[in-house]
Structure formats: C-alpha cells, structure tokens
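Hello,

Here is the structure I promised to pass on. Please open it first, then read my notes below.

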Amino acid sequence: MSDSTEALVERVARKTYQRDMQGEDWEMSLAIDGLLSTGESEFVDAAQDLIDRAIELQGTEGKLGYDDPKPWLADGARAQSESSALVNGCLEFYERTGEERYLDAARKQVEFLLEDATRLDDGTISFASEPIELWVDSIYLVALPLARYGDETGEDAALEEAVAHIVAQEKLLQDPYEDLFRHEWRETPNTYPESTFWLRGNGWAAAGILNMLEYVPEDHEHYDTLVDSFQRVCAAMLDLQDASGMWHHIPDDPWTAKEASGSLQFAYAFHKGVEQGYLDADEGYVEAAERAFEVCEGVVDEDGAVTRVAVPPGGPDVPLEVASYGQGWFLLAADQLHG
C-alpha cells in the first residue's frame, strides 16, 4: 500500500468510527467489516465497540441492533434481513476472543432467520415480513452470514439455507439475457416493483456470492450454479464500466450518476475473484478494479468521508451522500487491492 493510500485509509477509518450510527444495523455492519479490514488495533477496538452495542440491543426474538421501523418498508412491515449482516461481526470477535457471548448472539440471530422469519411459498426467506418479496440485498445481508455461521458451527441447516437463498435469487432476480440482478421481486402479485438493474444491488450479489463460496464445498450440488451466477454478473458489469473507472447508479443507463459504493464493491469483487481463480486474469478484471478504486480515492473528502454514495433505499432516484456502508466498502476494497 502506498503512503498516500495508507494515509487515506487511516482518514476514512477514523471518520467511519466517528460517525453517529444511531439506528443503524446493516449499514453499521459494513462499517465494522471495513474497520476490521485495516488490522489496526485502534480501529479493531472501535469495531468491537460497535458490535458490542449491537449485542446489547439484541431483542428477545434474536434480531441484533436497533429494530426501528424502516422508512423503505411498508407500514407495519417488520425488517427481517437487515440485522443479520451483524452476524459476521459477532463471529469475527468470537474467533478473535473465544468469548461465548459473541457466538450466542450470532446463534440467536440465525435461529430467528431459520425458525421465525416469514417466507415465500417456495420456502425462501422474505426480505421483510410484508409484502412477501425477494431483494437482491439479502445475498450479502442474509445468505453470507448464514453460510459463515454454518461453517463456524458445523450446522448444515444454516449453510443449506444460504445456498438455497442464492439459487432462488439466481432464478427470480438474475435476468437470463442481461445477466444482471433486478432489485426486488414480489410474490403477490407476481411482479418486479423495482425492476431496474441497480448498481449496489448487483454489488451485493457479486461480493456476497464470492465470499459465500469460501464456505460451500466444491462437490455441493449447487456449487457450479453459484460460480456461474457470479461469473455472469461480473462479465456483464465489466462491459458496463464507465470510461471514468466508476459505474453508473443504474449500470445500463449512462444518464444516471456515477456512484461510489457500488463501484467499490466491484473493485473488491473483481480483484478478489481473480485472486480466488473464479475470474480470468486476462479478461481485464484487475485493471478494471484498479481504475475503479483509483477514481474512488478521489471522492474522499478532506475529513475522510466517502462521497457520491446512494443512500437507502438505493432506488433510481435517491440522492448521493455519505453512508456507513460507503465508508466500509472503501476500506474493504483498499485492503483487497492494496493490503
């Protein structure tokens, strides 16, 4: 890592843990992951403080962090998926400390998903309690934590739930012609209420599937489906990279803004995908990743805030501001490319 990038990472990390994350769950989970990726004791301690806060707030039904109403869900709907991303931080600190409280918190969250969450007719966990929908976000926020928990504990049910979730996503949300993922599918009526190919949504898919493959045996019956889905979305996105190095908020619409968090997700996924042998090094993925990260370095302000990040719920018309997950993805991409 060059001196300039190292200094930038420190600035972003410090700005990250200084953020007010009151009311956040999944957004905070990416901040935690990013802080951990630095390896610096100051920032690892800050990440531990954040995950400890999420555990202190864990509800009786098992959901970690705040269980506040989400403005992007229907009135009366219960968030089911977003707090699940905090399982990763719980498992990380269980591995680091051996303290059972971290594993216990992860177990309670996983049990809520496996036993109590509302599901589609085919058994797939719905993103929220109502309406019954599948959102691409949950590849990273639900399937990945379930897979890691299954690997950590040897509980096959968690891993199988994670794999089944990706298979359903590939079937219902990954377009067979464009190979990109749509944002959400609603069971009744059978429709796509948000049908655009959203940048960060595809980033959730690419990074989520790639990281999940660490926990799925190669002889699993659906292993090849996961690999193929990852390779297809990456190939499609490689062709859509803007000349600037970033991607547009709606990747196939050059009239939409260039967006940082999704661009960082693909910098991470492309580089790691080549490193792990899932993407061809000769196809330009590493170069694309480097261009994306370099231009995203330029959107970090003097205080360490990563700008040009689409805020929740991430649809076509949301403003570009600063968010905890944008901070986290910058740190994760920096570690992957330059760590």
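E111 is partly exposed, at 30% relative accessible area. Here buried means under 20% relative accessible area, exposed means over 50%, and partly exposed is in between (1.4 Å probe, protein chains only). R107 is partly exposed too, with 29% relative accessibility. The two side chains meet in a salt bridge, 3.2 Å from N to O. A salt bridge is a side-chain nitrogen of Lys or Arg within 4 Å of a carboxyl oxygen of Asp or Glu. Both E111 and R107 sit in helix 5 (residues 100–116), four residues apart, or about one turn of the helix. Helices (H or I, at least four residues) and strands (E, at least two) are DSSP runs, numbered from the N terminus.

A word on the source. This is a predicted model, where local features need pLDDT of at least 70, side-chain atom pairs count only at pLDDT 80 or more, and totals for chains, interfaces and linings use all residues. Residues are numbered from 1 along each chain as its sequence is written, and side-chain values use heavy atoms, with hydrogens and water left out.

Side chains of opposite charge can pair when their charged atoms come close. By the rule above, the count is 20 salt bridges.

Take E170 and R232. Their side chains form a salt bridge at 3.1 Å, N to O. E170 lies in helix 7 (residues 156–172) and R232 in helix 9 (residues 223–240), so this pair ties together parts that are 62 residues apart in sequence. E170 is partly exposed, at 22% relative accessibility. R232 counts as buried, at 17%.

There is also a network: salt bridges with shared partners join E92, E95, R96 and R148. Within it, E92 bridges to R96, and the closest N and O atoms are 3.0 Å apart. E92 and R96 are four residues apart in helix 4 (residues 87–97), so about one helical turn separates them. Is E92 buried or exposed? E92 is buried, with a relative accessible area of 17%. R96 is partly exposed, at 44%.

Next, the whole protein. It has twelve helices and seven strands. Its C-alpha trace spans about 45 × 45 × 40 Å along the principal axes. A compact globule of 339 residues would have a radius of gyration near 20 Å; the protein has 18 Å, which agrees. That radius is taken over C-alpha atoms, and the globule rule is 2.2 Å times the number of residues to the power 0.38. Of the 339 residues, 59% count as buried.

What about contacts? Contact means heavy atoms within 4.5 Å. Among contacts between residues at least 6 apart in sequence, 67% join residues at least 24 apart.

Charges come next. The protein has 23 positive and 70 negative charges, and their mean positions are 5 Å apart. Lys and Arg count as positive, Asp and Glu as negative; His and the chain ends are not counted. Each charge is placed at NZ of Lys, CZ of Arg, CG of Asp or CD of Glu.

Last, look at V322. Where is V322? V322 is in the loop between strand 7 (320–321) and helix 12 (324–338). V322 is partly exposed, at 29% relative accessibility. Leaving out residues up to four places away in sequence, V322 touches R19, A305, V306, T307 and Q327. From V322 to G208 is 114 residues in sequence and 22 Å in space, C-alpha to C-alpha.

Best wishes
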